[in-house]
Amino acid sequence: MHNAALAELGLADEWSYEAIEVAPPDFEALLRRMAAEGFVGANVTVPHKVAALELADEASEEALAIGAANTLSFSRGRITAENTDARGFLDSLPAPPEGERALVLGAGGSARAVAWALVTEGAQVSIWNRTPEKAERLADELGASALPSSDERLATGNFNLIVNTTTVGMGGSGEGGPGLKSLPIRADSLGETHQLVDLAYGSAETELARAARAHGATVVDGLEVLVRQGAASLRIWTGLEPPIEAMRRAAGATWQSSSAPDI
């Protein structure tokens, strides 16, 4: 995806994007080496996002508020930490979320970025998690509200925007893992008045996204959010406007031919 964008921007002869695996004990040494060896930047995924923020010499408002960094920039041996999870999520939405009644499913790192973005943009945010205490802590920190966890299904009519940050459906429908019944909503209760953003992604559309789309809801899948996050990182590193369509095509082709990716 990133290399497709670099080619489109005419930077392929000077820039390249590559995957580097590193264990947590070796993470700091790798970052220091990259900063000293002329790397422009790096994307960071779990389990390194919190460590990336802690190791940085400076950090953006978003990264500090979210408590994690997924994008690092290197300059003169210094490390700057930023977080494009929130920006990528917002850029994937069909319209700004100001005034929307939003339900965030989950209370992990992705949920924190999403909820922070929505609250910052003026949405009314409710958070649900299987462990109610986690939802309550996150809601208290961000100025949202927490919903109780129970066997009863939530009334989706109370919300315009629903964001699934859990791993339900990760890798596509029917590929194992927690099922739709583990969520407090029924997919068939989503209709034309709803927007669903499903951060789970893989080689096929998730059961939740497919069912919501069939009932007329506007659906944004996790791959689109991933593309937008990557585009925001490229914008930081290059100062250029990323070619979204080229990135979207490359990401789609990659995941159509692969198994479920890590998150």
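This briefing describes the overall fold of a protein model and the setting of one glycine. The model is predicted: local features need pLDDT of at least 70 and side-chain atom pairs count only at pLDDT 80 or more, while totals for chains, interfaces and linings use all residues. Residues are numbered from 1 along each chain as its sequence is written, and side-chain values use heavy atoms, with hydrogens and water left out.

**Overall form**
- The protein contains ten helices and ten strands, defined as DSSP runs numbered from the N terminus (helices H or I, at least four residues; strands E, at least two).
- The radius of gyration is 18 Å, which agrees with the value near 18 Å for a compact globule of 263 residues; it is taken over C-alpha atoms, and the globule rule is 2.2 Å times the number of residues to the power 0.38.
- Along the principal axes, the C-alpha atoms fill a box of roughly 55 × 35 × 35 Å.

**Burial and contacts**
- Of the 263 residues, 48% count as buried, that is, under 20% relative accessible area with a 1.4 Å probe, protein chains only.
- Among contacts (heavy atoms within 4.5 Å) with a separation of 6 or more, 61% join residues 24 or more positions apart.

**Gly230**
- Gly230 lies in helix α9, which spans residues 222-238, and is buried, with a relative accessible area of 5%.
- Apart from neighbours within four places in sequence, Gly230 is in contact with Met1, His2 and Met247.
- Thr80 is 150 residues from Gly230 along the chain, and the C-alpha atoms of the two are separated by 17 Å.

Methods. Buried < 20%, exposed > 50% of the residue type's maximum accessible area, 1.4 Å probe, protein only.
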